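Reader: Hi! I'm new to this one, could you walk me through it?
Author: Happy to, here it is.

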Amino acid sequence: MSSVILPPRLNGPVLLQVYGLTILSFMAGVIWGFATRFDGPTANLFYALSVLPPIWGFLTASGATQPALWTLIVGFVVLLPIDWSAHRAKVAPEWWMSLRLLLTAVVVICLGLGAVLA
């Protein structure tokens with residue numbers, strides 16, 4: 001009987017890929033939440049923007065690990081201006097961008113290291 005919990009295919013870079021896809025989708029859900037605080041065309045724009053990251057991940061980051069990690073980096077960086085817009089419109093909490101910038105820096109470093117090691 002094997003003592004390995006995870007299948008051998010789930011090495012570090014692959015785990016980063018799966019986790020990155022999950023978190024990118026979660027971040028899109030946050031944008032959806034911001035959309036609920038807008039009205040009219042701006043709300044519609046934010047709802048539309050909130051579905052793009054999961055579609056991006058599904059189309060570009062669900063394949064081979066190394067290119068997927070690079071495209072996930074792009075996805076996280078592209079989310080920043082959307083978050084910044086919500087922050088400027090005062091629908092995001094005051095502390096939001098400080099957290100987002102720190103977390104984006106950490107995720108970009110982790111995904112980049114995973115891509116280099118993949």
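Reader: What does Arg100 form a salt bridge with?
Author: Its partner is Asp83, and the closest N and O atoms are 2.4 Å apart. A salt bridge here is a side-chain nitrogen of Lys or Arg within 4 Å of a carboxyl oxygen of Asp or Glu. This is a predicted model, where local features need pLDDT of at least 70, side-chain atom pairs count only at pLDDT 80 or more, and totals for chains, interfaces and linings use all residues. Residues are numbered from 1 along each chain as its sequence is written, and side-chain values use heavy atoms, leaving out hydrogens and water.

Reader: Which parts does the pair tie together?
Author: Arg100 lies in helix H4 and Asp83 in helix H3 (residues 65–88), so the pair links parts 17 residues apart in sequence. Helices are DSSP runs (H or I, at least four residues), numbered from the N terminus.

Reader: Nice! Is Arg100 buried or exposed?
Author: Arg100 is buried, with a relative accessible area of 3%. Buried means under 20% relative accessible area, exposed over 50% (1.4 Å probe, protein chains only). Asp83 is buried too, at 0%.

Reader: How many salt bridges does a search of the whole structure find?
Author: One.

Reader: New topic: which residues lie nearest the centre of the largest pocket?
Author: Tyr19, Ile23, Phe76, Leu103 and Val107, out of 13 lining residues. On a 1 Å grid over the protein atoms alone, a pocket is an open set of points where a 1.4 Å probe fits, with protein on both sides within 12 Å along at least five of seven lines; lining residues have an atom within 4 Å of a point.

Reader: And which helix gives the most to that lining?
Author: H4, with seven residues.

Conventions: Helices (H or I, at least four residues) and strands (E, at least two) are DSSP runs, numbered from the N terminus.
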